[in-house]
Each structure stands twice: as C-alpha cells, then as structure tokens.
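Try each task before reading its solution.

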Amino acid sequence: MTDTVKLVSLAVATPEHVIFQKQAVEASARLFADRFEDFRHLARVFDSAGIEKRHAARPLAWFDEPHGWHDRMQAFAEVASGLFVEAASSALRQAGLEAGDVDCVVTVSSTGFTTPSLDAQLAGRMGFRPDIERVPVFGLGCAAGVSGFAIASRLARNRPGTVVLFVSIELCTLAFRLDELTRPNIIATALFGDGAAACVLRSGENGLAEVESTGEHLFPDTLDIMGWKIDDGGFGIVLAQSLPPFAEKELGPAVTAILARNGLRVEDIDRFICHPGGMKVLAAMESALSMAPGTLDHERAVLAEYGNMSSPTILFVLERAIRAGLPARAAMIAMGPGFSASCVTLRRVA
C-alpha cells in the first residue's frame, strides 16, 4: 500500500443566522458611535473589507447586550456541536464512510472550548468507536486550517489505512465585545464570521488531492501581532496595524524556506490557496508571493460571502478551488498567532 496521503473529501457548514454588512455597520454605529470618538473614522473598514455578509452563531440582536464567559461558551458548545456534526457527517458521506470507520479525529478551534472536548461530547451522537483517538487543538488561530490539516495528514501517513477526520470550527462572532472601545475591536466586528469545515484524509486511497508536504515558520519576537487578550469578559482581539506590511515583507522568505525544506521552489507552485484574512492581507500576500493583483479570486469570493471565519476559511477556499479544478500543484498558505505561517502542498490526483 502506498504511503501517500489523500484528501478524500471536504465539506463546509455555517450557522443559520446571516448578518449583512449593511446591518453590521448600522448595529455597530448604534452601539459605538456615541461612546467611541474614533468610530466614524474607523467605520470605513466596513466598506473596504470586501465583505457582503457573514454567518453568525447568534442573531444580530444578541450582540446588543453584554455577555460573559458563561453566555459565550454556552453558545459555543451548542452551535459548534451542531456544526461539527453537520460538517463531519457530510465529509464522511462524501467519502463513502461512516463515523465508525474513523480511527482518529483532529479538531481545531481558537474561539471557544468545552471540557470534555467536542469530539468526546459528540462521540455517541456521531457514532465514533470507543477506541477512536482524539486530538483537540486550541490556540493556532487563523493558521489552524492549514496547521491542523497538516497534523491530520501526518497522522494518516504514519499509519497507512487509518481514517483521519479533520474538523475546523470557529465562532468568531461570540468574541464580540461591547466594552472594547478600540480599533482592533471595530476591525474585528467588520471582518469576522462563523463557520466550520471537515476533511477525511487517508493514505493509499483515491481522493481529491494528494498531500505532498507540510511545513511551518514561527517568526521571532512577534507575539503582539495577533492573538487574544483574555479577561473576565471573554476574548479580546489583539490585531496589530502592522500585519499587512509585515506579511508583504516576511511571508515570501518564510514560504520559500518551507518549500525548500521539501525540495520545492515558489516557481513550482501553480496556484497558492491562501487564507483571506482581509483585503489588505490578500494584497500583501499577492505581492509577497509574486502574484499579479487580483490573482486570489476564490479567496476574495469567500471573504465576500462569509467574512473571515478564522481557521476554516481556507478550507472554504480549497473547496472552491477543487470545484474549479486544481492545478498540478497547489500550496495552502495561512498565517496566525505566534506570529506564524503554515504551508501544505497538494498534488492533483491523476
């Protein structure tokens, strides 16, 4: 049996509530304009974000009231559970498998948590075997869609025939803060949405694509670029204004080094599939990776329809790229807290 790992299936899911960008800016103005003098200046980000709508774990009215940890994590447990089941079940159906066929499940999220972890809480509902191996991962942020995919693929490669289920779930809107009168909080309000994605990976199988290589790069002395500030009220966004110029300057050399460790060059990549953190970040990534402006069209389409959902967003982009037809070699790229960059290269299955 070959030890090459295949992406066998991919499914995406979103919560039922939809917030259009016009509604988001109107609600934000109502909640912030009288309390935050810079709001009207910052509100331009709602128009420049390239987002038309996003899905949310709770209806728009929920965000009018303050919420603490209990409300936020109760909402996370409820909605994330439903999205896990929906996305995972769909991915398994596409693969022609049942939950009892899964040997290992890798779950990533940085916007909420439960203990026991979601995979344990949902084991009976899904129909997982008692001997399933569980790998819940927290804290990788926007990069987790690629980093978690890489972890799942390495687990599949190390045990040929093993069925690995990878699930990415983020409910970014639950981190919305009424009490944070800051630039990062307003930008987060304009950018972030909720969603989930699931993949089945297995070695020695036919599939949608072959996982060729994985790699990461951790930039030193960059802890203040992106992350959470955690206090009694919940998560508070840390988002440096320097992110787009940092990405434009530093991403290219980092990706070049990751690819070189796997015997590849940037020129070997026919299509970069990138996490759409925002319009400025996409433009920076195109510049850093020597792409013509506007090349990342699937990324902009996903951003417009769903917003930045953190980790699952790149899997929404990958799903579109697969439907459009993958080139011979593609590379998934995402950046996240650390500050870090993750890369996975995929080969088209003949």
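**Exercise 1. Find the annotated domain and describe its make-up.**

Step 1: The unreviewed UniProt entry places "domain: Chalcone/stilbene synthase C-terminal" at residues 212–323; UniProt positions follow the numbering used here, feature names are shortened, and annotations may be inferred rather than shown by experiment.
Step 2: Across residues 212–323 the chain is 45% helix and 21% strand, where helices (H or I, at least four residues) and strands (E, at least two) are DSSP runs numbered from the N terminus.
Step 3: The end C-alpha atoms of this stretch lie 20 Å apart.

Before going on, keep in mind that this is a predicted model, in which local features need pLDDT of at least 70 and side-chain atom pairs count only at pLDDT 80 or more, while totals for chains, interfaces and linings use all residues. Residues are numbered from 1 along each chain as its sequence is written, and side-chain values use heavy atoms, with hydrogens and water left out.

**Exercise 2. Count the disulfides and check two cysteines.**

Step 1: Take a disulfide as a pair of cysteine sulfur atoms within 2.5 Å; the count is then zero.
Step 2: For Cys104, the nearest cysteine sulfur belongs to Cys199, 14 Å away.
Step 3: For Cys274, the closest is in Cys343 at 9.3 Å, which is too far for a bond.
Step 4: Cys274 has a relative accessible area of 0% and is buried (buried is under 20% relative accessible area, exposed over 50%, partly exposed in between, with a 1.4 Å probe and protein chains only).
Step 5: Cys104 is buried as well, at 3%.

**Exercise 3. Explore the largest nonpolar core.**

Step 1: A nonpolar core is a set of buried Ala, Val, Leu, Ile, Met, Phe, Trp, Tyr and Cys residues joined through side-chain atoms within 4.5 Å. The largest has 90 residues, and Phe84, Met126, Leu165, Leu251 and Phe272 have the most contacts inside it.
Step 2: H4 gives the largest share of this core, eleven residues.
Step 3: Another core, of 36 residues, lies apart from it and includes Val137 and Ile273.

**Exercise 4. Name what covers helix H10 (residues 279–288).**

Step 1: Its buried residues are Val281, Leu282, Ala284, Met285, Glu286 and Ala288.
Step 2: Their cover includes helix H9 (243–261) and strand E11 (271–274).

Technical notes:
Contact means heavy atoms within 4.5 Å.
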